[in-house]
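These are my notes from going through the model. I looked up strand pairing, helix packing and the contact between the chains.

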2 protein chains.
Amino acid sequence: MASGKILVAQGGGPTAVINQSLVGVALEARRFHQIERVYGARHGVRGILDEDFLDLSQENTHNLELVAATPSSALGSTRDKPDEKYCAEIFKVLRAHRIEHFFYIGGNDSSDTVRIVSLEAQKAGYPLRAIHIPKTVDNDLVGNDHTPGFPSAARFVAQAFAGANLDNAALTGVYVGVVMGRHAGFLTAAAKMAQKFPDDGPHLVYLPERTFVLENFLMDVKTTYERYGRCVIAVSEGIHDASGTPIASLLKKDIEHDAHGNVQLSGTGALADLLCDEIKARLNIKRVRGDTFGYLQRSFLGCVSDVDQREAREVGEKAVQYAMWSKRDGSVAIRRNGLYSVDYHLQPLEAVAGKTRVMEDAFIAAGGNDVTAAFRAYLQPLLGSGMPDIHRLRAPQVEKILALKG
Amino acid sequence: MASGKILVAQGGGPTAVINQSLVGVALEARRFHQIERVYGARHGVRGILDEDFLDLSQENTHNLELVAATPSSALGSTRDKPDEKYCAEIFKVLRAHRIEHFFYIGGNDSSDTVRIVSLEAQKAGYPLRAIHIPKTVDNDLVGNDHTPGFPSAARFVAQAFAGANLDNAALTGVYVGVVMGRHAGFLTAAAKMAQKFPDDGPHLVYLPERTFVLENFLMDVKTTYERYGRCVIAVSEGIHDASGTPIASLLKKDIEHDAHGNVQLSGTGALADLLCDEIKARLNIKRVRGDTFGYLQRSFLGCVSDVDQREAREVGEKAVQYAMWSKRDGSVAIRRNGLYSVDYHLQPLEAVAGKTRVMEDAFIAAGGNDVTAAFRAYLQPLLGSGMPDIHRLRAPQVEKILALKG
């Protein structure tokens, strides 16, 4: 059985429940007498290089619980993607501090970081147990039914579209809401959970899994607007043309790339504005409004799924248990085994690292501008308890007097 | 004592609690045996012209309660601003349906509509009792301590900035959040309620009550960024230069105006993008992100202040009582009489109609880029119960080993 110090860090974009996983690690680790200390690295792998560690063993349990309920990465995060040289530096620090367990809570890029660190450790003959703990609002990790962080973000998107649909029904026109998701449309598709009555929006949903054709989009909007007198649209920030070029980058002059070589899509309202301008100009509809949900959808304080909280806690706990009782590195994964219940397993790092899950065809409607009932059934239990509902007046219409006379 | 039918309608932008006022009118009216029927006009004054009425007397009480808890105008809304001819048409319909009480729930523009309708009724000798019921997320109605709709929107903005601040602390850089508010900065100022620890954002707040000078703004951002290694900024959509020209319109080529002659500010991310571009280019800061809160801040499902709900219900109830027991038209207003408690009074329509309250000087910090403690004390009780809180790790720092050796 392993012993020594453990180190936990958080990478990539924050979520509403990433601290649940952190606290799951910290509290579960304290239950193993062989674990000498629980360190937390500030700002992900960057904090390892800087030897910027907090001793979480000396945290109050109650404060840890309060931090668990707070959104965004309490340790700080990073977009750094370690190469071999970076990893060599990491080892120097781990060795100096006698750290023999490394837990990294993150998404695609973070799982790849764990894979590289694990490989480098093996090459260097350093006895490191490296475990990736899943987290991403994009829901794009392979081998998982879903990923912690996604259910809460999905709930935010559903609640946002439920409200935007009512707003659009009150003051009619076209509403475009742009949702996060570079390659996977899960979070955008969550908008559809807002639809209660058959004429509720979102009426149209555009996902990065399908090629975006502006002419088809405009035709869809026109048809919907003529039918309902209004139109609510959910659009993924990652929609792209047939060549794979993001629609957003067709407009933006200065394309920004992150450390992983990804085009920067969030933090700008350009895509919503572009689509609104096209609708106004081409369809001659006067009231066209666009919102980009931006960072609110992953960090809004006070919109969280309790199912998500529970599972995020559990993947953290399981990571410690796998590290102590199994003899291999890996990535904790969520498997659905009931309606609704999950269990966990440890999948090989190379099975998940750097790979991207996208929406299954069965979740996308044939027309490519909507989701299926199967997707709604998949997402429904993840949204958690206490989901707010919308209600309508059902009062009878009063008979017209003047119109009948005239 | 008055009798006959009553008509209620909703005007202007929806809020999280505007249906509370509607239901307050509908339920209170049923308690007066003299009131024959309670009609609701669909889409504001436009629905009167169209004789598009629902008979709310025949609604279930329980369903009314469910609608009250649903955001956005259940009857639909309008931006129509009636002139004399429009009002003449309104009278024809009111007379035909024997409607003798008109309740209009709305903001500045709606109160002016009530004033015109009231005047036209007097001129025409038609026995109409016209009452304006306050509603606006902008909090810009004169004679009110605050207006229903504002507290819930303020809570959304505070929760959004609390999350955005944590996100920005995890992945550092500059964050610009653009908040609604054409002339009044109250809603933008609400962002400041997100600040718990002294280094929390928002660090800077820009309001339409002060002239926006780009050079000063950039200097503020630079100073804050150097101090904290990051910077979170709340900006009102209504910020303008010394000539009063909105900063947003300095960028946008096609300026859109609404029926009231106002420049369209919401529904575009242009202002946030403009400010972010300036910060990137001039301050050479790499990670700069902008969000425009857009329609989410007034219609998000599931973010509401219970104080706001209660007061919105009460102004609706009071409107009916004033109509039945007083002999004059007017606008229901909220007066703070305790910490925290309010009462209501009926102010003359001409005292509120078409006027705009802006933030008191005592609420704005001397530097013009922050709010005062007085503002926080003013807003705190309005946010309601159960406001989510944020927590930090307080674990001790681990001593460096390599850094000391090196």
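This is a predicted model: local features need pLDDT of at least 70, side-chain atom pairs count only at pLDDT 80 or more; totals for chains, interfaces and linings use all residues.

The strands concerned are β4 (residues 99-106) and β5 (residues 129-134) of chain B, which pair in the parallel sense over 6 bridges.

I then looked up the sheet around them. It is open, has 7 strands with mixed pairing, and I wrote down the order β3-β2-β1-β4-β5-β10-β11 (chain B).

Next I checked which helices lie across the strands. Helix α1 (residues 18-29) of chain B lies across β1 (4-10), β2 (35-41), β4 and β5 of chain B, and runs at about 175° to β1(B). Helix α12 (residues 306-325) of chain B lies across β4, β5, β10 (330-338) and β11 of chain B. I noted an angle of about 165° between α12(B) and β5(B).

I looked up the partner helix of α1(B) as well. α1(B) and helix α3 (residues 61-68) of chain B pack at an angle of about 155°, with their axes 8 Å apart. An angle over 145 degrees counts as roughly antiparallel, so α1(B) is roughly antiparallel to α3(B). From α1(B), the contact takes B:Asn19, B:Gln20, B:Val23, B:Ala26 and B:Leu27. From α3(B), it takes B:Thr61, B:Leu64, B:Glu65, B:Val67 and B:Ala68. By class I have 6 nonpolar, 3 polar and 1 charged for the contact of α1(B) with α3(B).

I turned to chain A for its α1 and α3. The axes of helix α1 (residues 18-29) of chain A and helix α3 (residues 61-68) of chain A come within 8 Å and cross at roughly 155°. That makes α1(A) roughly antiparallel to α3(A). Among the residues that meet are A:Val23 and A:Leu27 in α1(A), and A:Leu64 and A:Val67 in α3(A). The residues of this contact divide into 6 nonpolar, 3 polar and 1 charged.

I also checked α12 in chain A. Helix α12 (residues 306-325) of chain A has 20 residues and reaches 28 Å from its first C-alpha to its last, close to the 28 Å expected at 1.5 Å a residue. Since 15 of its 20 residues are buried, α12(A) is largely enclosed by the rest of the structure.

How many residues of strand β8 (residues 231-236) of chain B are buried? I found 6 of the 6, so β8(B) is largely enclosed by the rest of the structure. B:Cys231, B:Ile233 and B:Val235 are buried on one side, and B:Val232, B:Ala234 and B:Ser236 on the other. Strand β6 (residues 174-179) of chain B runs parallel to β8(B), joined by 6 bridges, and the bridge partner of B:Val176 is B:Ile233. Strand β7 (residues 204-206) of chain B also pairs with β8(B) in the parallel sense, over 3 bridges. There B:Tyr206 stands opposite B:Val235.

My last entry is on the contact between the chains. It takes 67 residues from chain B and 68 residues from chain A. On the chain B side, helix α6 (residues 150-170) gives the largest share, 9 residues. That side has 34 nonpolar, 22 polar and 11 charged residues.

Methods: Residues are numbered from 1 along each chain as its sequence is written. Chains are lettered from A and ligands numbered from 1 in the order in which they are written. Axes are lines fitted to C-alpha atoms, for helices over the stretch in contact, and angles run from 0 to 180 degrees between N-to-C directions. Helices (H or I, at least four residues) and strands (E, at least two) are DSSP runs, numbered from the N terminus. Angles under 35 degrees count as roughly parallel, over 145 as roughly antiparallel, 65 to 115 as roughly perpendicular and the rest as oblique. Two residues are in contact if their C-beta atoms, placed from the backbone, lie within 7 Å. Ala, Val, Leu, Ile, Met, Phe, Trp, Tyr, Cys and Pro count as nonpolar, Asp, Glu, Lys and Arg as charged, and the others, Gly among them, as polar. Two strands pair if DSSP finds at least two bridges between them. The expected span of a helix is 1.5 Å times one less than its number of residues. A residue is buried if 20 or more other C-beta atoms lie within 10 Å of its own, exposed if 12 or fewer, and partly exposed in between; C-beta atoms are placed from the backbone.
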